[in-house]
Amino acid sequence: MFENLQVFVNRYEELNLKLYDPDTAANRELYTKLMKEHSEITPIVEKYKEYKRAEDNLAEAQELLNDPSSDRDLKDMALEEIAEAKQIIEETGEELKILLLPKDPNDEKNVIVEIRGGTGGEEAALFASVLFRMYSYYADRHGWSIEVVSANETELGGYKEISFTIDGAGAYSRLKFESGVHRVQRVPETETQGRIHTSAATVAVLPEAEEIELEIDPKDLKIDTFRSSGAGGQHINKTSSAIRITHLPTGTVVECQDERSQYKNKDKAMRVLRARLLDAKVTAQNDQIASERKSQVGSGDRSERIRTYNYPQSRVTDHRIGLTLYKLDDILSGNLDELIDPLIADDRAKKLEAQNEI
């Protein structure tokens, strides 16, 4: 079933020649483009070569087994090689299927994360701040940079809402499964009788949109400036550096007041606006596809509960795949891979299943 993969090998060898060409090296834009393509197909080519070697070994071993002149020892050795080659063919075949799955074009992009306190009032706002720290720790572990765009802080240090960017290779591929409602069960600090309360926060993870993907007519924008303010209405500065941008056709509103520079706030707000508009555009397109996969955020509705954090039992449960881990502190410290890796594996399994049904 992998006969057509020779085209990847041919292209791989062609790219090797081009990348060693001095003329290519002198053209930085071309060199970068070819290097990107080379890095993308290298895993496929290497795995395909491994698969082909196993096929050749299998053919040789079967020929040896069927040779009337082969003695008993040679036939035993051939049987061992046949079993080993078949196992490698099966394993590499499955790995090749995964490598050949259509890739999400957004996977390598930076992301914009928006967290909003939901049901639960102040407790929900405090949990939103916990989630913000969790993703900050996770970004730090991966060497990604994080920058706050806007934050609406409460008196107790929670967030009614907070928006921030995470810049780093593959950020969206790892974080896209975090979109949805995160529920927390714990005893609030303000609770005198020790009763467990349930509250929730909503997380939206948006791939950052590039300008070429989405054209925004300046005439469609209403831009207002205002004074930045912190919790309790305390002024962070006395100049009108905060920015509010309204996209008139859709009514989308974005604010940024994190920077003292009006220009920087406007730049950040435009990044968020582009991401939101692209997300809305993609969501509308996906809604038209009846067979849309449901692994990323369940039904695609961010009102759906995806995960529960239970403090008394130190338990975290991801409801989409039925995974429960009893290591709450570890996860809140940014060790999210034990949750994210199974979600990625489940996503791949669903893609393979859908592909096999075609």
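**A helix pair and its pocket**

Reply: α3 and α4 run roughly antiparallel to each other (angles over 145 degrees; under 35 is roughly parallel, 65 to 115 roughly perpendicular, the rest oblique), because their packing angle is about 155°. The model is predicted: local features need pLDDT of at least 70 and side-chain atom pairs 80 or more, whereas totals for chains, interfaces and linings use all residues. Numbering starts from 1 along each chain as its sequence is written, and side-chain values rest on heavy atoms, without hydrogens or water.

Helix α3 covers residues 28-66 and helix α4 residues 72-99, with 8 Å between their axes (lines fitted to C-alpha atoms over the stretch in contact, angles running from 0 to 180 degrees between N-to-C directions). Helices here are DSSP runs of H or I with at least four residues. The crossing of α3 past α4 is left-handed, the near helix being turned anticlockwise from the far one by less than a right angle. The contact of α3 with α4 comprises 19 nonpolar, four polar and seven charged residues (Asp, Glu, Lys and Arg are charged; Ala, Val, Leu, Ile, Met, Phe, Trp, Tyr, Cys and Pro nonpolar; the others polar).

Of its 23 lining residues, Lys 103, Asp 104, Asp 107, Glu 108 and Ser 173 are the closest to the centre. By class, the lining has 13 charged, eight nonpolar and two polar residues.

Conventions: Helices (H or I, at least four residues) and strands (E, at least two) are DSSP runs, numbered from the N terminus. On a 1 Å grid over the protein atoms alone, a cavity is a set of points where a 1.4 Å probe fits but cannot get out, and a pocket is an open set with protein on both sides within 12 Å along at least five of seven lines; lining residues have an atom within 4 Å of a point.
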